[in-house]
Amino acid sequence: MTDMLVKLYDLAVDWPTVMAHQQQGIHYRQPLGAEVDAIVQWVGDRFSAGWRSEVAVALRQRPPRGLIAVQEGDLLGFACYDAAALGLFGPMAVAEPHRGRGIGRLLLQLTLDQMRTAGYAYAVIGWVSSEAFYAKNVGAIPIPNSRPGLWQTALKISPSSS
């Protein structure tokens with residue numbers, strides 16, 4: 001998987017869809033401190049231990065480096081930045097029953113907008129699984145020779161069998 005680059009100073013957020021989602025009860029916001037452990041557990045239960053660790057790093061910073069999508073008290077998805085490295089977007093995911101509703105696209109745009117507001121001019125999206133999604137929704141371009149990238153010397157830790 002490759003890394004991609006986004007020009008944050010050219011970023012467009014689909015505000016009409018954000019407002020439409022609000023009318024449907026979907027809210028995009030930073031997590032409250034009391035919610036962080038539950039979010040980290042939610043991520044660990046649905047995705048990887050690596051993502052669980054990165055989400056914990058991002059959301060335990062103040063202010064949190066990321067957003068969540070919530071509807072009627074249910075966590076629909078999340079997006080983070082500055083977790084594996086400064087200026088790096090991700091991880092991001094939407095719970096399977098809520099995919100296809102534009103939640104991931106808005107989490108992406110709003111979290112990148114959060115990075116822009118924090119002073120970043122560019123963001124790197126690491127270890128991309130769908131180049132087409134990021135190119136279409138935020139104009140991301142592949143970074144040549146970025147594979148295997150930051151994770152080339154990552155630890156290969158497997159869960160212990162107790």
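This is a predicted model: local features need pLDDT of at least 70, side-chain atom pairs count only at pLDDT 80 or more; totals for chains, interfaces and linings use all residues.
1. Basis. Local features need pLDDT of at least 70 and side-chain atom pairs count only at pLDDT 80 or more, while totals for chains, interfaces and linings use all residues. Residues are numbered from 1 along each chain as its sequence is written, and side-chain values use heavy atoms, with hydrogens and water left out.

2. Strand β3. Helices (H or I, at least four residues) and strands (E, at least two) are DSSP runs, numbered from the N terminus. Strand β3 is mostly covered, with 6 of its 6 residues buried; buried means under 20% relative accessible area, exposed over 50%, and partly exposed in between (1.4 Å probe, protein chains only). Gly66, Ile68 and Val70 point one way from β3, Leu67, Ala69 and Gln71 point the other way, and all are buried. In a regular strand the side chains alternate between the two faces of the sheet.

3. Partners of β3. Two strands pair if DSSP finds at least two bridges between them. Strand β2 (residues 26-29) is joined to β3 by 4 bridges, and the two run antiparallel. Tyr28 stands opposite Ala69 in β3, and Ala69 also stands opposite Gly77 in β4. Strand β3 (residues 66-71) and β4 are joined by 6 bridges, again antiparallel.

4. Strand β4 and its turns. Of the 8 residues in strand β4 (residues 74-81), 7 are buried, so the strand is largely enclosed by the rest of the structure. The hairpin of β3 and β4 has 2 residues between the strands, and Glu72 in that turn has a positive phi of about 50 degrees. Gln71 faces Asp74 across this pair, standing opposite that residue in β4. On to β5 (residues 88-94), β4 pairs in the antiparallel sense over 4 bridges, with Ala79 opposite Met92. The hairpin of β4 and β5 has 6 residues between the strands, and Asp82 in the turn has a positive phi of about 60 degrees.

5. Largest pocket. A 1 Å grid is laid over the protein atoms alone: a cavity is a set of points where a 1.4 Å probe fits but cannot get out, a pocket is an open set with protein on both sides within 12 Å along at least five of seven lines, and lining residues have an atom within 4 Å of a point. The largest pocket holds about 1,200 Å³ of space. Its lining has 39 residues, of which Ser48, Trp51, Glu54, Pro91 and Trp127 are the closest to its centre. Grid points are joined across faces, edges and corners, and the volume is the space filled by probe spheres set on the points.

6. Pocket lining. Strand β5 gives the largest share of the lining of the largest pocket, 7 residues. At least two residues each come from α3 (49-59), β5, α4 (103-117), β6 (122-128) and α5 (131-138). By class, this lining has 21 nonpolar, 13 polar and 5 charged residues; Ala, Val, Leu, Ile, Met, Phe, Trp, Tyr, Cys and Pro count as nonpolar, Asp, Glu, Lys and Arg as charged, and the others, Gly among them, as polar.

7. Nonpolar cores. A nonpolar core is a set of buried Ala, Val, Leu, Ile, Met, Phe, Trp, Tyr and Cys residues joined through side-chain atoms within 4.5 Å. The largest one has 29 residues, and Phe89, Leu107, Leu112, Ile125 and Tyr134 touch the most other members. Helix α4 gives the largest share of this core, 7 residues. A second, separate core has 17 residues, including Val36, Val40, Val70 and Ala93.

8. Contact means heavy atoms within 4.5 Å. Leaving aside neighbours within four places in sequence, Ile125 is in contact with residues including Thr2, Val6, Phe89, Leu108 and Tyr134. Thr111 lies in helix α4 and is buried, with a relative accessible area of 0%. Not counting residues up to four places away in sequence, Thr111 touches Gly66, Leu67, Ala79, Cys80, Tyr81 and Phe89.

9. Two residues with more surface. Ala118, in the loop between α4 and β6, is exposed, with a relative accessible area of 52%. Ser53, in helix α3, is partly exposed at 46% relative accessible area. The C-alpha atoms of Ser53 and Leu11 are separated by 28 Å, and these residues are 42 residues apart along the chain.
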